[in-house]
Amino acid sequence: MTEKKSQFLPSPLRMVAWEVTRSCNLACGHCRASALCGPYEGELGTKECLRILDEIAAVGKPVIILTGGEPLLRADIYEIAAYGNSLGLRMVLATNGTFVTEAVAKKLIESGIRRVSISLDGPDADSHDSFRGVPGAFAEALAGIEALKKAGLEFQINTTITQVNLARIREIHDLAHRIGAAAHHIFLLVPTGRGRELADQAITPLAYEETLNWFYEEGLGCGIQLKATCAPHYFRIFHQRQKERRGMTEKPMPADAAAGKPSGGHGGHALNAMTRGCLGGITFCFISHTGQVQPCGYLELDCGQVTQKSFPEIWNGSDIFGNLRNLDLYEGKCGRCEFLRVCGGCRARAHEMTGDYLAEEPLCIYEPGESGKRVRGKAAGEPTT
């Protein structure tokens with residue numbers, strides 16, 4: 001009798017989100033970090049940050065997302081970016097936009113920042129400012145975007161979707177087009193940090209499915225790059241819908257796509273390319289402001305401290321990362337789903353709702369064994385309003 005081989009996903013490091021500071025000038029209700037003005041104890045100093053970049057570069061040449069909090073509150077952010085750029089790492093910045101002036105944008109370009117993401121969670125001041133918790137945040141974000149455009153620095157729009165703004169997601173998407181964004185990334189709320197207080201504002205499983213079907217359809221003729229984040233179902237939906245369009249038998253997930261390597265889809269940019277659903281611990285990781293390495297920012301599991309171990313030791317030796325890369329360990333319907341290699345379910349949402357990061361995805365309504373049949377709601381293909 002032949003023994004079954006374990007299904008281990010390849011794990012080339014392709015992206016690192018690094019919370020270089022937890023301090024922030026806003027108080028967004030959905031914030032993973034529950035960030036405030038700070039200061040926060042234990043934040044890594046400049047020398048430690050440069051050492052960590054050296055160690056990351058020894059593993060691969062991933063995209064490094066400098067995030068927070070608000071990363072522009074760090075005086076050495078340009079030095080960190082420039083050093084990473086000198087190592088051949090693709091450095092990008094996630095900011096709320098309120099500190100971005102044309103002078104700041106030029107300094108970002110000089111330091112090697114290749115793209116900046118700014119969040120817009122409403123199409124106007126009332127909706128965005130309410131979401132962000134600070135009057136004037138919308139106007140300041142748009143002013144920051146205008147400064148980036150004048151300086152010639154590429155930017156994308158990020159949007160966190162909840163019940164509060166779901167009905168206006170098309171307006172936000174249209175706004176991203178009008179202001180010249182290179183991409184629009186949507187994030188499905190994961191109720192961690194202050195986001196736990198918004199758990200009742202998470203969209204329903206059916207609305208989740210319908211929204212991602214709409215996003216797929218929007219991407220077919222979209223003039224900008226689209227990506228769904230914290231929404232692994234999208235990658236199952238992508239394959240279902242592609243099968244429908246082509247009239248072909250579903251092919252196995254390519255090994256490079258399962259490993260998070262770009263394989264076409266909605267844009268070929270490293271930050272947008274079609275890869276796989278949940279990448280946490282597989283081709284992506286998160287580093288906290290104190291140096292804790294985690295599968296992602298929403299899954300606060302200690303996989304190792306860069307102040308105690310080298311990054312390569314953690315990336316290659318973490319038991320948690322090893323478990324996430326072993327598809328035989330996934331439980332419930334995720335474990336028996338034919339789209340496991342494509343999707344993987346949101347491990348942070350599973351952990352938050354069940355206490356087990358390998359449990360089945362709580363918000364998925366797809367039933368395995370349906371021969372790839374797409375789940376349809378009462379208004380599939382459009383966001384629920």
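Colleague: What should I know before reading local features and side-chain atom pairs?

Modeller: The model is predicted, so local features need pLDDT of at least 70 and side-chain atom pairs count only at pLDDT 80 or more, while totals for chains, interfaces and linings use all residues. Residues are numbered from 1 along each chain as its sequence is written, and side-chain values use heavy atoms, with hydrogens and water left out.

Colleague: How many helices and strands does the protein chain have?

Modeller: Helices (H or I, at least four residues) and strands (E, at least two) are DSSP runs, numbered from the N terminus. The protein chain has 13 helices and 9 strands.

Colleague: In what order do the strands of the open sheet lie?

Modeller: Two strands pair if DSSP finds at least two bridges between them. Here the order is E7-E6-E5-E4-E3-E2-E1-E8-E9, with mixed pairing. Strands E7 (225-229) and E9 (293-294) are the edges, each pairing on one side only. Strand E5 (residues 155-161) runs parallel to strand E6 (residues 183-188) over 6 bridges, and Asn 158 stands opposite His 185 in E6.

Colleague: Which residues have the most contacts inside the largest nonpolar core?

Modeller: In soluble globular proteins, nonpolar side chains tend to be buried together. A nonpolar core is a set of buried (under 20% relative accessible area, 1.4 Å probe, protein chains only) Ala, Val, Leu, Ile, Met, Phe, Trp, Tyr and Cys residues joined through side-chain atoms within 4.5 Å. The largest has 104 residues, and those with the most contacts (heavy atoms within 4.5 Å) inside it are Trp 18, Leu 66, Leu 108, Ile 113, Leu 212 and Phe 311. Leaving aside residues up to four places away in sequence, Leu 108 touches Leu 72, Tyr 78, Leu 93, Ile 113, Val 116 and Leu 153.

Conventions. Buried means under 20% relative accessible area, exposed over 50%, partly exposed in between (1.4 Å probe, protein chains only).
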